[in-house]
Amino acid sequence: LLAGAGAGVISKTMTAPVDRIRMIFQVHRKRSFTLRGFFQRGMDIVGREGIFGLWRGNLAVILQVMPYAGLQFMTFDQYQQALEPYCASHPYLMRFVAGAG
């Protein structure tokens with residue numbers, strides 16, 4: 001449970017800056033997406049709010065992801081162990097049914 005929650009927190013924290021800039025483009029429809037504009041928005045955020053501005057709102061995402069990722073990792077292992085006697089000769093089917101397909 002803790003390993004899954006930790007993995008979810010790390011993955012969301014690493015991608016938070018990209019998600020924050022992506023959301024700005026989605027909300028402001030006047031701005032068309034370009035790679036140059038993407039980096040410019042990132043630099044604007046850093047200039048106005050500092051480097052930690054790229055992670056603004058990340059706590060809410062982490063609070064959502066922790067229980068979801070933890071339970072997902074935990075239940076996958078439990079389902080895989082429960083299905084092993086029935087699907088031992090078909091590991092791909094076992095993983096698919098357990099939820100990793």
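Where does Val-46 lie? Val-46 lies in helix H2. Helices here are DSSP runs (H or I, at least four residues), numbered from the N terminus.

## Basis of the model

This is a predicted model: local features need pLDDT of at least 70, side-chain atom pairs count only at pLDDT 80 or more, and totals for chains, interfaces and linings use all residues. Residues are numbered from 1 along each chain as its sequence is written, and side-chain values use heavy atoms, with hydrogens and water left out.

Val-46 has a relative accessible area of 26%, so Val-46 is partly exposed. The scale is this: buried means under 20% relative accessible area, exposed over 50%, partly exposed in between (1.4 Å probe, protein chains only).

Val-46 touches Ile-51 and Leu-54, not counting residues up to four places away in sequence. Contact means heavy atoms within 4.5 Å.

## H1 against H3

Helix H1 covers residues 2–27 and helix H3 covers residues 58–87. Their axes come within 7 Å and cross at roughly 145°. Axes are lines fitted to C-alpha atoms, for helices over the stretch in contact, and angles run from 0 to 180 degrees between N-to-C directions. The crossing of H1 and H3 is right-handed. On the H1 side, the contact includes Gly-4, Ala-5, Lys-12 and Ala-16. On the H3 side, Asn-58, Val-61, Met-66 and Phe-73 are among them. The contact residues divide into ten nonpolar, five polar and one charged. Ala, Val, Leu, Ile, Met, Phe, Trp, Tyr, Cys and Pro count as nonpolar, Asp, Glu, Lys and Arg as charged, and the others, Gly among them, as polar.

Gly-6 is also found in H1. Gly-6 counts as partly exposed because its relative accessibility is 27%. The C-alpha atoms of Gly-6 and Val-61 are 13 Å apart, and the two residues are 55 residues apart along the chain.

## The largest core

In soluble globular proteins, nonpolar side chains tend to be buried together. The largest nonpolar core has six residues: Ile-21, Ile-24, Phe-25, Phe-38, Ile-45 and Leu-54. Such a core is a set of buried Ala, Val, Leu, Ile, Met, Phe, Trp, Tyr and Cys residues joined through side-chain atoms within 4.5 Å. H1 and helix H2 (35–49) each give two or more residues to this core. H1 gives the most, with three.

Ile-21 is in contact with Phe-38, Arg-41, Gly-42, Ile-45 and Leu-54, leaving aside its neighbours within four places in sequence.

## A second core and Met-94

A second, separate core has five residues, including Phe-76, Leu-83, Met-94 and Ala-98. Met-94 is found in helix H4 (residues 91–100). Its relative accessible area is 9%, so Met-94 is buried. Beyond four places in sequence, Met-94 touches Gln-80, Leu-83, Glu-84 and Cys-87. The C-alpha atoms of Met-94 and Gly-57, 37 residues apart along the chain, are separated by 37 Å.

## Arg-20

A polar atom of the Arg-20 side chain lies 2.2 Å from the backbone oxygen of Gly-53. Leaving aside neighbours within four places in sequence, Arg-20 is in contact with Ile-45, Glu-49, Gly-53, Leu-54 and Arg-56.

Technical notes:
Left-handed = near helix turned anticlockwise from the far one by under 90°. Polar contact = N/O pair within 3.5 Å; in protein donor to acceptor, adjacent residues only side chain to side chain.
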